[in-house]
Amino acid sequence: MNLKRRLLVSTVALAFAGALPSFAAAEGTIAIITPSHDNPFFKAEADGAAAKAVELGYEAMILVHDDDANKQSQLFDSAIAAGVKAIILDNAGADASVAAVQKAKDAGIPSFLIDREITSTGVAVSQIVSNNYQGAQLGAEEFVRLMGEGGEYAELLGRESDTNAGIRSQGYHDVIDQYPDMKMVAQQTANWSQTEAYTVMESMLQANPGIKGVISGNDTMAMGAWAALEAAGRTDVIVVGFDGSNDVRDSIAKGGIKATVLQPAFAQAQMAVMQADQFLKTGATGLEEKQLMDCVLITADNAAKLETFALAE
Amino acid sequence: MKQLALTAACVAAVLSLSACKIVKTGGDTDKAPAADASGDDARIAALMTETWEPKLIPAITERALTPAALRTALAGGLEAAGTAHGKAGSGVGAAWNFAIAGEGTVTAAKLDTRARVLDVDTDGDGTADLTLQLGPVVKGSALRDFSPFYDFSGFRDQIEFAKLGRALNDAASARLTVPEGDPTGKTVSFTGVLALKSPTETWLVTPISVEVMP
């Protein structure tokens, strides 16, 4: 498995190294490294960044680390070896990614982080992250309102190594815990995964048939939970997600999942590329390293305006 | 007004109390709070003592517009109104935050909730044009984002920054006296802050003072 993965990575690196001279755009190449595109959120990031890179005259090198810090490190090696001008990164772990970003910096390649923070400053040029805490508060306020300020509920947590899992959970509880009649009867991770959320929801429901609501750390888990609730004939349960995916938008439109919180992933990725371009041309972005982007509550009222992690005006 | 001073004194007492607690558990008083999350409460408490009464309350009172003046300013666009009278929150897409002070008639009161609110008509047309949040659950971070002396880049991360927002909201709602009985139809005076992302959205005010006239 490990050997296979390594082989695959070197093949990818070779392909890029080989492709570079013939494809090289005027401005060089920007590497875009994200988690797996199985989650449409990360695909939207990669698509947004790639589109902007091409628009600005760069070649885009799209890579996925599958939330594996070792793989991410190898991808950085490949990108450095390929002589990319800049790296756009949605990282594979707040602590574990610092070394990789530092390695690129030492090689003279600036990194621009999106979506997830790392635990050091001064290593990346920009860290543009959604205000997950503010977003989680919005989701929780709506969840509490839908629950009539009381009742039993369950929480699905994201992957523990991802800082956003903890931030969102804290944001949820910052609001929900101010309501004494809201009773959390189950809290479990489903690692951002739809299939895992399905299984977790099934067992949560068996153990706690009185559940009235489920608050989920992201949309893919909300979809998994909703599928399990539908299978159990419990479509009365209130589900709230986070991300603003098209899947959840469609579910909201059909009266399934009740709400989600949009992270402007597409715009965020494009902004990172614009800042990279600015930095490469002028040596500075003119902005603070850490930049927050506000999230937006999505309900039946505005779901129709949502498309690929962007909200129409 | 006397009541306000009394509540202010209470808040100050609570704040200094929590500071005492830190001395007790932290041991060494000269030691700075830990940089990680374990030091958040101590750091936020110190920041609150330093800024809430001495800086933020006066800043809100001094910069407050009347509802009519804010409406006039907003007619020229949110960006222009914000630049002239408000303060933008940190980051892209963040709201403009304004201070507001005025009077109006309570058109509706929702007091049987943890997020108590009064709907208020300030232009005399009989329909509410703003909502006063009486807490204890207060939405948003307008108090934090209105203040020029809290800057996101000076905080460890969004969690610590959010804790400040919550501490400010809690301090504000602790100052308020919730009206007894149904205040609908009565006159209310208020001072507070609000966050706007569009010039036409409903005004959700986080008040630092609310007084329902008898």
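Analyst: The model under discussion is a predicted one. We may begin with a glycine of chain B.

User: Which residues does B:Gly102 contact, leaving aside its neighbours within four places in sequence?

Analyst: B:Gly102 belongs to strand E2 of chain B, which spans residues 96-110. B:Trp203 lies 101 residues from B:Gly102 in sequence, and the two C-alpha atoms are 13 Å apart. With the neighbours within four places set aside, the contacts of B:Gly102 are B:Pro67, B:Val188, B:Ser189 and B:Phe190.

User: What is the strand order of the open sheet of six strands in chain A?

Analyst: The strands of this sheet pair in the parallel sense. Strand E2 (59-64) and strand E11 (290-293) of chain A each have a single partner strand, so they stand at the edges, with one side left without a neighbour in the sheet. Neighbouring strands are turned by 15° against each other on average, direction ignored. The order in chain A is E2-E1-E3-E4-E5-E11.

User: At about what angle to E1(A) does the direction of helix H2 of chain A run?

Analyst: Helix H2 of chain A, residues 40-55, packs on the sheet. The helix touches strand E1 (29-34), E2 and E4 of chain A. Its direction makes with that of E1(A) an angle of about 175°.

User: Which residue in E11(A) is the bridge partner of A:Ser130?

Analyst: E5(A) and E11(A) run parallel and are joined by four bridges. The bridge partner of A:Ser130 in E11(A) is A:Met293.

User: How many bridges join strand E6 of chain A to E7(A)?

Analyst: An open sheet of four strands in chain A, with parallel pairing, has the order E7-E6-E8-E9. Its edge strands, E7 (182-189) and E9 (238-240) of chain A, each pair on one side only. Within the pair formed by E6 (residues 151-157) and E7(A), A:Leu156 stands opposite A:Gln188. The number of bridges joining E6 of chain A to E7(A) is seven.

User: Which helix of chain A lies across E6, E7 and strand E8?

Analyst: Strand E8 of chain A covers residues 213-216. The helix that lies across these strands spans residues 194-207 and runs at about 140° to E7(A). This is helix H7 of chain A.

User: Is B:Arg175 buried or exposed?

Analyst: B:Arg175 forms a salt bridge with B:Glu53, with the closest N and O atoms 3.2 Å apart. The pair links distant parts of the chain, as B:Glu53 is in helix H2 (residues 40-63) of chain B and B:Arg175 in helix H6 of chain B, 122 residues apart. B:Glu53 is partly exposed, with a relative accessible area of 29%. The relative accessibility of B:Arg175 is 7%, so this arginine counts as buried.

User: About how much area do chain B and chain A bury between them?

Analyst: The contact takes 24 residues from chain B and 22 residues from chain A. Two salt bridges are found across this interface, and B:Lys197 and A:Asp294 meet in a salt bridge of 3.1 Å, N to O. H6(B) gives the most to the side of chain B that touches chain A, with five residues. Of the area buried, 51% is on carbon and sulfur atoms, and the total is about 1900 Å².

Technical notes:
Residues numbered from 1 in each chain as written. Chains lettered and ligands numbered in written order. Predicted model: local features only at pLDDT ≥ 70, side-chain atom pairs only at ≥ 80, totals over all residues. Heavy atoms only, no water. Helix = DSSP H or I, 4+ residues; strand = E, 2+ residues; numbered from the N terminus. Contact = heavy atoms within 4.5 Å. Pairing = 2+ DSSP bridges. Axes fitted to C-alpha atoms, helices over the stretch in contact; angles between N-to-C directions. Buried area = accessible area lost by both parts, 1.4 Å probe. Salt bridge = Lys/Arg side-chain N within 4 Å of Asp/Glu carboxyl O. Buried < 20%, exposed > 50% of the residue type's maximum accessible area, 1.4 Å probe, protein only.
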